[in-house]
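Here is a friendly walk through one chain, taken feature by feature. Please keep the structure open beside the text as you read.

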Amino acid sequence: MARKSLNKSIFRLVVGLIVFTSITLFLNVWLATIEQTQKRLDTGLEIGQNVLERVLKSREDLLFTSAHVLAADFGFKQAVASKDKGTIDSALKNHGSRINADVMALIALDGKTITSAPEILNPAKDFPYKSVFNDIVKGGGASVLMMLDQQLYQVIMLTVDAPRPIAIALIGFKLDIATLRELTAITKLNTSLQVFNDNQETYQISTLSAPQMEQALSQVETRPSWLSITVSNDIPYISRQFILADELGHKTVLTLSEEVQKLFSDFKDLQLRLFITGTLAILLASLLGALFSNRMAKPLSLLATKAKEISVGNYSNPIDMHCSTEEVNQLSEAFTSMQGNIQLREEKITFQARHDNLTSLYNRQFVETLIEEKFKTGSSFLVIGINIFGFRGINDIFGYHNGDKCLTELALRLSSFGGISARLTGGELLWLPDEIPTDAFIAAMKSELETAVNIGEFNIDLKVALGLMTCPKDAKTPEEIFKSMNIVLDEAQITRQFVLPFNPSLEARYSRRLAIITELKNALKNETQELTLNYQPKLNTKTGRVTHVEALIRWTNKHLGFVSPEDFIAIAEQAGFIQHVTQWVIKQAINDAAKFYHAGFPQSVAINLSAKDIMNSALLTQIVELIDARGLPRTSVSFELTEGDLVKDHAKAIAHMQAYRDAGFELAIDDFGTGYSSMAYLQNLPATTLKVDKSFVLNLHEQEGDKKIVQTVINLAHSFDMNVVAEGVENLESLQLLAQWGCELAQGYYICRPIKADDLLIWLNEIKDKKWL
C-alpha cells in the first residue's frame with residue numbers, strides 16, 4: 001500500500017472532520033429546529049383551542065348563573081304567573097344589563113314568545129326551536145348555540161317554576177366578529193366561525209379577510225414541509241378546526257389559524273446564520289489545517305512514544321523536546337504536566353479508594369481487606385462499632401454542615417487511640433485496637449468520644465453507643481462482623497445499653513424486629529385485614545350513658561401471631577413509618593365512628609396521636625376531609641396525646657394543638673401525672689380533658705395515697721375548666737368514688753374490655769338501660 005504524506009493526511013483529516021461535523025451539525029439543527037417549531041405550532045393551536053373552550057365555558061357559566069338567579073327570583077315568578085308584562089320586561093332588562101347579555105326573552109310553554117329584549121323574537125310567531133322544550137322541561141334547562149335573527153347566539157334556557165314550569169327564560173350572548181376579536185386577542189390566533197345547516201354554510205364570520213379565510217380553511221390540519229417554509233411559501237396559514245356544537249339542526253365549527261411565515265421567520269434567519277457560520281468555519285479550518293499540519297508532523301512520533309510510556313505507568317522519564325513551533329512546545333509541556341498530574345491523581349484515587357472523603361478514615365471496602373488480613377493471622381482481636389446516638393436529630397436540628405463537623409471531630413478523637421479506624425455509614429464508625437483494651441479503657445474512651453463538640457456559637461453534646469465483638473469467636477468473616485455489628489448497635493440504641501457486647505441471642509430479637517417491620521408494612525400496604533381496631537367504652541358518670549370510646553389498635557399476623565402494640569408501635573416509630581400506622585388508624589376509626597353514628601349510638605371516638613403526628617400540619621387537613629366526607633359532626637372524633645412527648649417541644653405543641661381545637665376537636669392529655677406536669681405547663685395547653693393514668697386508679701378503693709392524687713388531679717382539671725377521664729376502673733367501689741368526686745368519664749374492665757366495632761354496637765344495645773351507679 002502506498003504511503004501517504006503525514007501533512008496531507010493531517011490536513012485531509014482535520015478539514016474532513018470539520019466539514020463533516022459542520023454539515024452534520026447544520027442538518028441536525030435544521031431538522032431539530034423545524035421539528036421544535038412545528039411542535040410549538042401544535043402546542044399553540046392546542047392551547048388556543050383549550051383557551052377558547054374555557055372562555056366559552058366561562059360565558060356559559062355566567063349565563064347559567066344569571067338565568068338561574070332570574071328564574072329563581074320570587075317577584076319574577078309572580079310576574080310571569082300573573083302575566084305582568086311590565087314587571088317581566090323590567091326584570092329581564094335589569095338582569096340582562098348586569099351581565100351585558102345580548103338577548104333576554106321569556107317564552108311560554110306553548111312556544112309563543114311572551115317578550116324579548118331586544119325584539120328579535122316575534123311575539124306573534126312560534127319560537128323557532130320548540131324541539132328543545134321537552135328536554136328543557138324535563139331537565140330544568142339547556143345550554144345551546146342557536147341562530148336568531150340571522151345571528152349566532154350562545155344561549156342558556158331555564159324553566160321558571162312555580163312550582164311547576166310555567167315559562168322558559170332565555171339569556172344569550174352574541175358570537176359575532178367582536179367576540180372573535182376578543183378571542184384572538186387572548187390566543188394570538190386568527191379565528192373563523194361557520195354555521196352549517198344540512199352541510200350548507202348559513203353563517204360565517206372571521207378575523208381574517210374573505211380571501212385569507214378561504215386560504216386558512218383550505219389548510220386545516222396541513223403540516224408544512226421544510227421546502228414549503230424555506231422556498232415556496234405556498235402555505236400561508238396552518239389551521240386547526242373543531243366543532244363547537246352540533247344541535248338544533250346546526251353544526252357550529254370554529255377554526256384557529258396561525259400565519260406560517262410569522263411563526264417560522266426566526267427559523268429561516270437561523271438557517272441563514274448557520275449556513276454562513278458553517279461555511280466560514282470550513283474555510284477557516286482548511287486554512288489553519290494547511291498552515292499547521294506541516295509543523296505538527298515531526299514531533300508527533302516522539303510525543304506518541306511518551307504517551308505510550310505514560311499509559312503503562314512509566315512516569316520516570318522526563319519529556320525533553322524543543323521545537324520551533326510554540327504550540328508543539330506547549331504540547332510537550334502539557335505532556336510533562338499531564339505526566340505529573342496523572343501520577344498525583346493515581347495516588348489521590350488510591351487514597352480515595354481506601355478512605356472516607358469526609359473523615360479521612362478507612363472506608364468500608366478497604367477496612368474489609370484489613371480485617372481479612374487480621375483473620376489470616378489466627379490471633380484474637382476486638383472490633384468496636386461506634387454509633388452516634390440521635391445523629392439524624394443532630395443533622396435536623398443543627399444542620400448537616402454541623403453534623404459533618406461532629407463526625408469529623410469524632411473521627412479525629414478515635415484516630416488518636418491508634419489501631420485501625422473506619423467509617424462504615426452515616427454516623428457509624430469501626431475501630432480495631434492494636435491490643436484488646438480493658439473495660440476501664442473502653443469506658444474512658446467512650447467518655448472522651450462523648451465530649452461536647454464546640455461549633456462556635458454553642459456546643460453539641462454527643463452520645464455514642466458501642467458494640468463489642470471478639471473475633472474470631474463472634475464472627476469469622478468481615479461480612480459476619482458488619483452484619484452482627486448492625487444488630488448489636490441497633491439493640492444498644494433500643495435498650496439504651498450504650499456499651500453492649502455481642503450475644504447470639506440478639507440476632508433472634510433483631511430478626512423479629514425485621515419481621516415485624518416487613519409484615520407490618522405488608523399489612524398496611526395490602527390491607528390484609530390483620531390490623532383491627534378495638535374500642536373500650538367510657539362511661540359518663542353523670543348521665544350513666546356510654547358516650548365516648550377509645551380506639552385501640554390490634555395486630556395478629558399469620559407468621560408472628562399476636563403482636564403487642566407496645567412492640568410494633570415502637571418499632572414503627574424507629575423505622576420511620578409510624579405515620580402510615582396513624583393514617584390507617586384514623587381512617588378506620590372514622591369509618592367506625594360513622595357506623596356508630598348511623599346505628600343510633602353516636603360516640604366520640606378517641607384516637608391516640610404522637611407528638612410527631614400533632615406536628616404534621618397535613619394530618620389535620622386529612623382528618624377534616626375524612627370526617628366531612630362521611631357527614632359526621634366534629635364531636636364524633638377526639639384525640640389523646642401523651643404528656644411526656646409534648647413537653648419536648650412545648651411551644652410548637654401548643655400551636656399545633658390549638659389548630660385542632662380551632663377545627664372543633666376535643667383534646668385529652670393521656671397518662672397525666674406520670675410525666676413532667678406543672679401548673680404553668682397545664683394552664684397553657686389548649687386541651688379539654690385530662691386522663692388520669694390507670695396506675696393511680698387500679699387500687700383506688702384501697703390506697704389512700706391514690707385517692708388523694710386522683711382527687712387533686714380532678715380538682716386541678718376542673719380549676720382549668722377541663723374534664724377528667726379515669727382509666728383502669730376495675731370495680732364498683734372505684735367507680736362510685738370517681739362519680740362522687742365529679743370525674744366525668746370512667747374507663748376500665750369493670751365497665752367493658754376493648755371489643756370490636758360490631759360487638760360494641762351489640763353491647764351498647766344491651767346496656768342502654770343499665771344502672772351503673
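## Charge on the surface

Five glutamates, Glu372, Glu373, Glu479, Glu480 and Glu507, come together as a patch of negative charge on the surface. Helix 10 (364-377) and helix 14 (478-495) are the elements that give two or more residues to this negative patch. Helices here are DSSP runs of H or I with at least four residues, strands are runs of E with at least two, and both are numbered from the N terminus. A patch takes residues with over 30% relative accessible area and no salt bridge, joining like charges within 9 Å and nonpolar side chains (Val, Leu, Ile, Met, Phe, Trp, Tyr) within 5 Å. For the charges, Lys and Arg count as positive and Asp and Glu as negative, while His and the chain ends are not counted; each charge is placed at NZ of Lys, CZ of Arg, CG of Asp or CD of Glu.

Glu372 is found in helix 10, and its relative accessible area of 34% makes Glu372 partly exposed. On this scale, buried means under 20% relative accessible area, exposed over 50%, and partly exposed in between (1.4 Å probe, protein chains only).

## How the model was read

This is a predicted model, in which local features need pLDDT of at least 70 and side-chain atom pairs count only at pLDDT 80 or more, while totals for chains, interfaces and linings use all residues. Residues are numbered from 1 along each chain as its sequence is written, and side-chain values use heavy atoms, leaving out hydrogens and water.

The chain has a mean pLDDT of 84 (the predictor's confidence in each residue, from 0 to 100), and 86% of its residues reach 70 or more. Among the elements of the chain, the highest mean pLDDT, 97, belongs to strand 25 (residues 745-747), and the lowest, 59, to helix 20 (residues 643-647).

## Salt bridges

How many salt bridges does a search of the whole structure find? The search finds 17, each being a side-chain nitrogen of Lys or Arg within 4 Å of a carboxyl oxygen of Asp or Glu. One of them pairs Lys57 with Asp61, whose closest N and O atoms are 2.7 Å apart. These two residues are 4 residues apart in helix 1 (residues 6-72), so about one helical turn separates them. Lys57 is partly exposed at 41% relative accessible area, and Asp61 is partly exposed too, at 36%.

Asp490 and Arg513 also meet through their side chains, at 2.7 Å from N to O. This pair links distant parts of the chain, with Asp490 in helix 14 and Arg513 in helix 15 (residues 505-526), 23 residues apart. Are Asp490 and Arg513 buried or exposed? Both are buried. Another salt bridge joins Asp628 and Arg634 at 3.3 Å, N to O; Asp628 is partly exposed at 42%, as is Arg634 at 27%.

## A nonpolar patch

Leu272, Phe275, Ile276, Leu280 and Leu283 make a nonpolar surface patch of about 520 Å². Accessible areas come from the Shrake-Rupley method with a 1.4 Å probe, and for residues only the protein chains shown count as cover. Leu280 is found in helix 8 (residues 260-311) and counts as exposed, at 53% relative accessibility.

## Loops and backbone details

Two cis peptide bonds deserve a look. The bond from Ala162 to Pro163 is cis, with omega near -15°, and Pro163 lies in the loop between strand 4 (151-161) and strand 5 (165-174). Cys471 and Pro472 are also joined by a cis peptide bond, with omega about 10°; Pro472 sits in the loop between strand 15 (464-471) and helix 14.

Lys83 is not a glycine, yet has a positive phi of about 60°. Lys83 lies between helix 2 (74-82) and helix 3 (85-99), in their loop, and is exposed at 71% relative accessibility. Asp198, again a residue other than glycine, has a positive phi near 55°. The loop between strand 6 (190-197) and strand 7 (200-206) holds Asp198, which is exposed with a relative accessible area of 67%.
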